[in-house]
Amino acid sequence: MTPRLPLRLFVLLGMTALLSACASVSQRLPTPIVSDESRASVVLLALNQQELEVDKPDVGNGGGGLIGALIEVAAESYMDKNRQKAIAPIRDALVDFRAEPLLVEAVRSNLPVNLVRPDAEIRILRSAKALEDARVSLEGSNTLLLYYRYAFDAEFRAIYVRMDAHFGDVGLVRDSKGRAKAKYKSTKQKTGKIVEMVYQSQFPLSDPSNSYTPNIARWMKDGGKPISDALSAAIIEANALAGRDLRSPLAFDSNGGKASYIRYGYPTAMKLKAVRIETSGERVLFSSGTLLAWTARHGVQ
Amino acid sequence: MASSSQRIASLLATVLALAACSSAPVRIGNDAVDEIALAANAPRAACVRLGDFSDHRPVEELGTLGYREFAYQDYSGWLRRQLAARMGKDSPDAAPLQVELLRAYMETNRSTLTFTVVLRSQLGDAPPTVHRGSDTRVNWFNSDSELGNFIERASAAAIKHLMVTHQVGCSART
């Protein structure tokens, strides 16, 4: 039986909407307007790691079907084991390196005081449950929520710090069954109430190999000093970028010109056509959608 | 476009994740992790005895799987007993070995889980040594006993490294 025209039309419209949603780059929402009294008094810092991590390798396609899925699981397990083994000497070299106090200090010294009180409490949350409870308790008030990750990419080509920043009423509300739900979900609902940005600082090797073993050897020069240097710098740079942009959103247009940048991070490193915002010495700041990231000049293709 | 194997992998991951949907914290008990105490071939370091044992972990919880928090309250005590059982006891010749527990945590991937234990030991004025044990494999059921096995294997690897390091030291001193 041939479907009637309106049905076909609806299917076509639905598919078009779905496909355009997949293709779009998320756009920045306006920063909520906040009075001095309604500034955030709490910063939630979601941190679910205890040591420097390495991104999980992309295992690709196992070949289809249940067998293929099991092959992918096996490949992921094998490659993950290799990465864990590879990062062990790096972690040993950094065993006394404490990222957390650095993070807290960097957050404190870069607070966007137009949005957050200078004496705001900085609360570290290590589990999804603790974060959920905190967000429920803060419902109705402005809060700065920062999700952190510091890691190597899967091939040890770069070290990066990524912060997903959410500011506004990021509280959760519980339904009648006690389940926590976001108060504002859609872009329309969030507009004017929540701003969401991603800030990243990445330090790629100047001459990375396609194999991770020589890359690790480069990082491990001088007992791993390049790693602690890059990690410290990335923590400071990412936080300074967030503070600066949240205080006064960085204007970006295509004047800086578009170029290819590699954005390192989970689930995989990705080449982006992005806008250059500014350069500072060997560092380049680029933007793509809601991402603002510093990288090395040699990281620009 | 996702391949059928990617879809099935996603389905498997979802099923595995749903198994962890309960938010009740998991309390690992000593019964879940006492097997390595019985391992007959575990290395020993008889020329040292356990001196100060200190727990310097930044967090006591072992980590989370989805919304489930994993905790093993007696982990530090269990580890100390495992170490003491493998060293020379009350021997006047045995030198005291200082041991610090620096980390014990898990990391999760889509289908795999890694448990890591980091120790540091120091004998007298000698430079300290870091001992790391980790176990990475597919996480099937999120059960207490499965988690306990991860903790056992990672702890056993760290303990083995520590014992082998000091066995060598023992040989050098005799």
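**Exercise 1. Leaving aside its neighbours within four places in sequence, which residues is Pro208(A) in contact with?**

Before we start: this is a predicted model, so local features need pLDDT of at least 70, side-chain atom pairs count only at pLDDT 80 or more, and totals for chains, interfaces and linings use all residues. Residues are numbered from 1 along each chain as its sequence is written, chains are lettered from A and ligands numbered from 1 in the order in which they are written, and side-chain values use heavy atoms, with hydrogens and water left out.

Solution.
- Step 1: find the residue. Pro208(A) sits in the loop between strand S8 (194-204) and H6 of chain A; helices (H or I, at least four residues) and strands (E, at least two) are DSSP runs, numbered from the N terminus.
- Step 2: list its partners. With contact taken as heavy atoms within 4.5 Å, Pro208(A) touches Arg157(A), Asn215(A) and Arg218(A).
- Step 3: check its accessibility. Pro208(A) is partly exposed at 38% relative accessible area; buried means under 20%, exposed over 50%, and partly exposed in between (1.4 Å probe, protein chains only).

**Exercise 2. Take Asp153(A) and describe its surroundings.**

Solution.
- Step 1: Asp153(A) belongs to the loop between S4 and S5 of chain A.
- Step 2: its relative accessibility is 1%, so Asp153(A) counts as buried.
- Step 3: a polar atom of the Asp153(A) side chain lies 2.6 Å from the backbone nitrogen of Arg157(A).
- Step 4: setting aside neighbours within four places in sequence, Asp153(A) is in contact with Val54(A), Asp55(A), Ala158(A), Tyr160(A) and Tyr264(A).

**Exercise 3. Work out how Phe156(A) and Tyr212(A) pair up, and what the pair ties together.**

Solution.
- Step 1: the rule. Rings of Phe, Tyr and Trp (its six-membered ring) pair if their centres lie within 6.5 Å; planes under 30 degrees apart are stacked, over 60 edge-to-face, and the rest tilted.
- Step 2: the search. Over all chains, the whole structure gives 7 aromatic pairs. In one of them, Phe156(A) and Tyr212(A) are 5.9 Å apart centre to centre with 45° between the planes, a tilted pair.
- Step 3: the link. Phe156(A) is in the loop between strand S4 (143-152) and strand S5 (158-168), and Tyr212(A) is in helix H6 (residues 212-219), so the pair ties together parts of chain A that are 56 residues apart in sequence.
- Step 4: burial. Phe156(A) is buried at 0% relative accessible area, and Tyr212(A) counts as buried at 18%.
- Step 5: the wider group. Ring pairs join Phe152(A), Phe156(A), Tyr212(A) and Trp219(A) into a cluster.

**Exercise 4. Look for charges over rings in chains A and B.**

Solution.
- Step 1: the test asks for NZ of Lys or CZ of Arg within 6 Å of the ring centre and within 35 degrees of the ring normal.
- Step 2: in chain A, the charged end of Arg283(A) sits over the ring of Phe203(A), 3.8 Å from its centre.
- Step 3: in chain B, the charged end of Arg153(B) sits over the ring of Phe150(B), at 5.3 Å from the centre.

**Exercise 5. Compare some salt bridges within the chains.**

Solution.
- Step 1: side chains of opposite charge can pair when their charged atoms come close. The cut-off here is a side-chain nitrogen of Lys or Arg within 4 Å of a carboxyl oxygen of Asp or Glu, and the structure holds 31 such bridges over all chains.
- Step 2: Asp133(A) and Lys129(A) bridge at 3.1 Å, N to O. Both lie in helix H4 (residues 128-137) of chain A, 4 residues apart, about one turn of the helix. Asp133(A) is partly exposed at 32%, and Lys129(A) is partly exposed at 21%.
- Step 3: Lys183(A) bridges to Asp169(A), with the closest N and O atoms 2.6 Å apart. That pair ties together parts 14 residues apart in sequence. Lys183(A) is partly exposed at 27%, whereas Asp169(A) is buried at 9%.
- Step 4: in chain B, Asp55(B) and Arg57(B) bridge at 2.8 Å between the closest N and O atoms.

**Exercise 6. Sum up the interface of chain B and chain A.**

Solution.
- Step 1: 35 residues of chain B are in contact with 36 residues of chain A.
- Step 2: the count of salt bridges between them is 5. One of the structure's bridges joins the side chains of Glu51(A) and Arg132(B) at 2.9 Å, N to O.

Methods:
Polar contact = N/O pair within 3.5 Å; in protein donor to acceptor, adjacent residues only side chain to side chain.
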